[in-house]
Amino acid sequence: EEEEEEEEEEDEDIKRLTEKHGGRGMQNSCSMRNIARAIFRDIREKKKGLSEQDLVALECIFGETNLGRALDVASSRGGVTRFIGKKSRRTVYAVKATTTTTTTNGGGGGGGMNGGGATMNDDYRGGGGGQQQQQQQQQQHLTYPDHFCACKGFTWDVVSRDEKLMCKHMLAAALAESVGGCDEVEMDDAVLANVLAREMLE
C-alpha cells in the first residue's frame, strides 16, 4: 500500500509539472525531457539560483541520487567548464569526473576468491600479504546537456537501458548553465574541433 501511495504521489507531481510547464492540454504529449528543459529555462530567466521548488521538481524528474551527485559536481570548484569557439560560438561543456583505481603493492595473493583482491571501500589496508591502495584520478567528460555525454553512464543508463533522461554529467552541466555557474574558456575553432575529434576517437 505504501508503494502504491508513493507512485500515486509521484504521478500527481508529474501531472502538476506537466500542467505548469507544458500546458493543461499536453499531459499526454509533453515529454519529461521537455518539462526539464522548461524548468531549466525558468531558472535561467529568474536569475535567482535554485529555489526549493526547483529542487523538488528536478528531484521528481531525475531522482534524488542522480540530482544529488550532479549538484555536488556542479557546485565544486572547476566542476563545469564551458568551451566556446571564438568565431562560431560553438559550445561544449567539460564536466569534472573522478575515477577510482586500486593497486596492490608487494606480497602474493591469499587463498580463496578474495585473496589479494581489493574492494572499492578500502582506502589503504593489507591483503593477501601485500598492501592495497586506492587512488583517485581527476578527468573530464565532454557533454552536450541535451544530447550526449562521453561517459559510460550515458551509454549504459541513458541510451541502452533508457532508465535516465541524463547522466550526472549532463545534469551537472545543465544545472551550472542555468544558474550561471560555469567557468568559461574561449578557444580557436580549430582547437575546439580537435578537442571534440580526440574525444570521439577515445
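**Figure 1. Overview of the predicted chain.** The model is predicted, not experimental. The protein chain has 202 residues, and 32% of them count as buried. It holds 7 helices and 6 strands. Read from the N terminus, the order of elements is α-α-α-α-β-β-β-β-β-α-α-β-α. Among contacts with a separation of 6 or more, 57% come from residues 24 or more positions apart.

**Figure 2. Packing of helices α2 and α3.** Helix α2 covers residues 32–46, and helix α3 covers residues 52–62. Their axes lie 11 Å apart, at an angle of about 160 degrees. Angles over 145 degrees count as roughly antiparallel, and α2 and α3 are therefore roughly antiparallel to each other. Their crossing is left-handed.

**Figure 3. Residues at the α2–α3 contact.** From α2, the contact takes in M32, I35, A36, I39, F40, I43 and K46. From α3, it takes in D54, A57, L58, I61 and F62. By class, this contact has 10 nonpolar residues, 2 charged residues and no polar ones. An α-helix has 3.6 residues a turn, so residues three or four places apart point the same way. The α2 list includes I35, I39 and I43. The α3 list includes D54, A57 and L58.

**Figure 4. Buried residues of α3 and the residue after the helix.** The buried residues of α3 are D54, A57, L58, C60, I61 and F62. Among them, D54, A57, L58, I61 and F62 also meet α2. G63 follows α3. The phi of G63 is positive, near 90 degrees.

**Figure 5. The R89–E186 salt bridge.** The side chains of R89 and E186 meet in a salt bridge, at 2.9 Å from N to O. This pair links distant parts of the chain, 97 residues apart. R89 sits in the loop between β1 (80–85) and β2 (91–105). E186 belongs to strand β6, residues 183–187.

**Figure 6. Backbone of R89 in the β1–β2 loop.** R89 is placed in the loop between β1 and β2. Its phi is near 60 degrees. That is a positive value in a residue other than glycine. The side chain of R89 takes part in the salt bridge with E186.

**Figure 7. A salt-bridge network around D157.** D157, R161, E163 and K164 are linked in a network of salt bridges. R161 bridges to D157, with the closest N and O atoms 2.6 Å apart. K164 also forms a salt bridge with D157, and there the closest N and O atoms are 3.8 Å apart. The cut-off for a salt bridge is 4 Å. D157 is buried, with a relative accessible area of 14%. R161 counts as partly exposed, at 39% relative accessibility. K164 is partly exposed as well, with a relative accessible area of 31%.

**Figure 8. D162 in the loop between α5 and α6.** D162 is found between α5 (152–160) and α6 (168–178). It has a positive phi of about 55 degrees, although it is not a glycine. D162 is exposed, with a relative accessible area of 61%. Exposed means over 50% relative accessible area.

**Figure 9. Helix α6 and its surroundings.** In α6, 9 of the 11 residues are buried, so this helix is largely enclosed by the rest of the structure. The buried residues are H169, M170, L171, A172, A173, A174, L175, A176 and S178. G180 follows α6. The phi of G180 is positive, near 70 degrees.

Note on methods:
Residues are numbered from 1 along each chain as its sequence is written. This is a predicted model: local features need pLDDT of at least 70, side-chain atom pairs count only at pLDDT 80 or more; totals for chains, interfaces and linings use all residues. Side-chain values use heavy atoms; hydrogens and water are left out. Axes are lines fitted to C-alpha atoms, for helices over the stretch in contact, and angles run from 0 to 180 degrees between N-to-C directions. Helices (H or I, at least four residues) and strands (E, at least two) are DSSP runs, numbered from the N terminus. Angles under 35 degrees count as roughly parallel, over 145 as roughly antiparallel, 65 to 115 as roughly perpendicular and the rest as oblique. A crossing is left-handed if the near helix is turned anticlockwise from the far one by less than a right angle, and right-handed if clockwise. Contact means heavy atoms within 4.5 Å. Ala, Val, Leu, Ile, Met, Phe, Trp, Tyr, Cys and Pro count as nonpolar, Asp, Glu, Lys and Arg as charged, and the others, Gly among them, as polar. Buried means under 20% relative accessible area, exposed over 50%, partly exposed in between (1.4 Å probe, protein chains only).
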